[in-house]
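My notebook is open and the viewer is loaded. I'm going to look things up one at a time and jot down what I find.

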Amino acid sequence: MKKQPSSLEQVKITPLRQDILNVLQASKKPLGAYDILGKLKKKRPNAEPPTVYRVLDFLVDAKLVHRIESQNAYVCCSSHTHDSISHQALLLSCQNCKNSFEFEDKNIFASIAKFSKNFGLTIDDALIEMKGLCQNCSRK
Ligand SMILES: [Zn+2]
Ligand SMILES: [Zn+2]
């Protein structure tokens with residue numbers, strides 16, 4: 001399957017979508033929708049929650065943003081090499097400061113794909129979260 005970079009050129013980015021992306025990009029930590037709304041209101045005082053949810057859904061579909069279900073939060077996708085169809089990411093996240101780091105390993109997803117095939121499941125979205133303490137937090 002041909003791999004396509006998920007780039008801004010392929011997706012229509014309106015000024016509002018860009019503003020929300022900027023909020024997420026500026027944060028090292030995953031942000032909940034209301035955190036995003038709070039930061040967005042500095043620039044767009046009239047922003048409303050439904051607008052933010054709609055844009056977030058769009059950005060997740062566009063594979064520019066990951067939704068972390070366990071935290072009910074969103075993080076900017078830091079990879080530009082995701083498969084254009086599936087969006088599979090590995091996320092290391094610190095339980096204490098919530099900083100997170102996304103990485104990819106095709107081998108890990110290849111073995112997951114093998115098992116899911118046996119189960120008859122085609123994965124179209126996956127975010128595997130690994131929790132722990134980062135260096136900074138474990139030193140304290
Ligand atoms: Zn990603
Ligand atoms: Zn930490």
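This is a predicted model: local features need pLDDT of at least 70, side-chain atom pairs count only at pLDDT 80 or more; totals for chains, interfaces and linings use all residues.

**Entry 1: the zinc site**

I started with the zinc ion (ligand 2): its site is tetrahedral, with angles of 105 to 113° among the four donor atoms. Residues are numbered from 1 along each chain as its sequence is written, chains are lettered from A and ligands numbered from 1 in the order in which they are written, and side-chain values use heavy atoms, with hydrogens and water left out.

Which atoms hold the zinc ion (ligand 2)? I found the SG atoms of C94, C97, C134 and C137, at 2.2 to 2.4 Å. A donor here is an N, O or S atom within 2.8 Å of the metal (3.2 Å for Na, K and Ca), and water is not among the atoms, so sites may look incomplete. Along the chain, the donors of the zinc ion (ligand 2) are spaced C-x2-C-x36-C-x2-C. C94 sits in strand 3 (residues 87–94) and C134 in the loop between strand 5 (125–132) and helix 5 (135–139), so this pair ties together parts that are 40 residues apart in sequence. Helices (H or I, at least four residues) and strands (E, at least two) are DSSP runs, numbered from the N terminus.

The cut-offs are under 20% for buried, over 50% for exposed, and partly exposed in between (1.4 Å probe, protein chains only).

**Entry 2: the nonpolar core**

Next I looked up the largest nonpolar core. It has 21 residues, and I20, L24, I36, L56 and V65 touch the most other members. A nonpolar core means buried Ala, Val, Leu, Ile, Met, Phe, Trp, Tyr and Cys residues joined through side-chain atoms within 4.5 Å. Helix 1, helix 2 (33–43), helix 3 (49–61) and strand 2 (73–76) each give this core at least two residues. Helix 3 has the largest share, with five residues.

I then clicked on V65. Leaving out residues up to four places away in sequence, V65 touches L21, L24, L59, V60, Y74, V75, C76, C77 and H87. Contact means heavy atoms within 4.5 Å.

**Entry 3: salt bridges**

How many salt bridges are there? The count is four, using a side-chain nitrogen of Lys or Arg within 4 Å of a carboxyl oxygen of Asp or Glu. D19 pairs with K43, with the closest N and O atoms 2.8 Å apart. That links D19 in helix 1 to K43 in helix 2, 24 residues apart. D19 is buried at 8% relative accessibility, whereas K43 is exposed at 59%.

D19 also has a salt bridge with R44, and here the closest N and O atoms are 2.6 Å apart. R44 is in the loop between helix 2 and helix 3, 25 residues from D19, and is partly exposed at 28%.

I also noted E69 with R67, at 3.7 Å from N to O. E69 is exposed at 61% and R67 partly exposed at 32%. Shared partners join D19, K43 and R44 into one network.

**Entry 4: an arginine without a partner**

R17 is in helix 1 (residues 15–26). R17 is buried yet has no salt bridge, and the nearest side chain of opposite charge, D61, is 9.4 Å away. For charge, Lys and Arg count as positive and Asp and Glu as negative, with His and the chain ends not counted. What does R17 touch, not counting residues up to four places away in sequence? I got K12, V55, F58 and L59.

**Entry 5: two positive phi values**

Most residues other than glycine have a negative phi. K63, not a glycine, has a positive phi near 65°. I found K63 in the loop between helix 3 and strand 1 (65–68), where K63 counts as buried at 16%. N72 is not a glycine either, and its phi is positive at about 50°. N72 is in the loop between strand 1 and strand 2 and is partly exposed at 48%.

Notes:
Four donors count as tetrahedral if all angles lie between 85 and 135 degrees; four count as square planar and six as octahedral if opposite donors are over 155 degrees apart and all others between 65 and 115; anything else is irregular.
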